[in-house]
Amino acid sequence: MKAVVLREIGPAENLKLEDAPRPEVTPGHVLVRVRAAGVCYRDIVDRRGGFPYMKSPVVPGHEFAGEVVELGEGVVGRRVGDRVVNLHRPPCGICQYCRAGHEPRCTSSLYAFGLTVDGGYAEYVLAPAGCLVPLPDEIAFQHGCFLACTAGVALRALRVRAAVREGETVLVTGASGGVGLHALQVARLLGARTLAVTSSPAKVDALRAAGADDVLVATGDLAFHKEVKRRTGAGVDVALDCVGAPTLNSSLRSLRAMGRVVVIGNVTMERAEINAGLMILNELSAAGSSGCSRDDLLQVIAWVRDKRLEPKLAQVLPLASAVEAHRRLEAKGVAGRLVLAP
């Protein structure tokens, strides 16, 4: 089979299209023919060495959709021909976090596509049956492949970690990215008003089309909090920070008293210092959020099926264009999600 292989951390050019052996099916796993694989900014973080436990060589990619072509021993509830999408990792279902509905925090699974096992930048991927979710016929593979890591991640962050309530205002940083464009829609489906922050004036129209009630263009030092306060008065109830260190302090300063910030991205892999006095005096809450549960993914799939949520696909590229996809993301030249089609 053809697969994109990363043998050494570093620049995008280290991604090589190679001939690789088709994975052999093992007990509890299924073989999926990949029809579409999303390209996430976390793939760039992985490629640069952001996760020291990444195996080498590795096939990157933690977002994929395709068809089941072979079943391993002991697999139930799946059939050859099923259309499926993946969760980031297979939850065990029995640890305290899984029982509480927090499957991304499963303590029994060290399985992570594109990191500890080969991912979706290939014609075939071996996946535990427990991390696959059915994809309805009404949703194209190129749309379904990235729903977990965009709308699903946003839903968990906003509904579970931020506890967004109807009528609140949600600020989204990095709003023109794959997660941001879907977070705007998810926030509105939860009954919130949305304020999008972007560093690119060229992406304002795309943000408004995605449902942003207001758009703020932040350039230079990304200190946007004064303008947020000017436009909103007291500030926003929730800030969903998709960027991390470069925007975190402005996100915190954009909050009204007792506001909440949830961090779901850290694209520069830097540490950030925060003002403890600001947190105390304004009684602010800060949290992180990672991944999505099966219920989160099933919810966003239902919204897409019912045409209440629109997957924001930037472009479909051939598998051989993985280097181009990474370069475009690094250059901030993409609104929505790039997808590779093996």
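**Exercise 1. State how many aromatic pairs there are by the ring-centre rule.**

Step 1. Rings of Phe, Tyr and Trp (its six-membered ring) pair if their centres lie within 6.5 Å; planes under 30 degrees apart count as stacked, over 60 as edge-to-face and the rest as tilted.
Step 2. By this rule the count is 3 aromatic pairs.
Step 3. The model is predicted, so local features need pLDDT of at least 70 and side-chain atom pairs count only at pLDDT 80 or more, while totals for chains, interfaces and linings use all residues. Residues are numbered from 1 along each chain as its sequence is written, and side-chain values use heavy atoms, with hydrogens and water left out.

**Exercise 2. Classify the pair of phenylalanine 51 and tyrosine 53, and find the charge over phenylalanine 51.**

Step 1. The ring centres are 6.1 Å apart and the planes make 70°, an edge-to-face pair.
Step 2. Phenylalanine 51 has a relative accessible area of 25% and is partly exposed; buried means under 20%, exposed over 50%, and partly exposed in between (1.4 Å probe, protein chains only).
Step 3. Arginine 42 lies over the face of phenylalanine 51, 5.7 Å from the ring centre. The rule asks for NZ of Lys or CZ of Arg within 6 Å of the ring centre and within 35 degrees of the ring normal.

**Exercise 3. Describe the pair of phenylalanine 64 and phenylalanine 113 and explain what it ties together.**

Step 1. This pair is edge-to-face, with 5.1 Å centre to centre and 85° between the planes.
Step 2. Phenylalanine 64 lies in strand β4 (residues 64-71) and phenylalanine 113 in the loop between α2 (96-99) and β6 (124-128), so the pair ties together parts 49 residues apart in sequence. Helices (H or I, at least four residues) and strands (E, at least two) are DSSP runs, numbered from the N terminus.
Step 3. Phenylalanine 64 is buried at 0% relative accessible area, and phenylalanine 113 is buried at 1%.
Step 4. Phe64 and Phe113 form one aromatic cluster with Tyr111.

**Exercise 4. Give the strand order of the open sheet of 6 strands and name its edge strands.**

Step 1. The order is β10-β9-β8-β11-β12-β13, with parallel pairing; two strands pair if DSSP finds at least two bridges between them.
Step 2. The edge strands, β10 (214-217) and β13 (285-288), each pair on one side only.
Step 3. Inside the sheet, β11 (residues 236-241) and β12 (residues 255-263) pair in the parallel sense over 5 bridges. In β12, arginine 260 is the bridge partner of valine 238.
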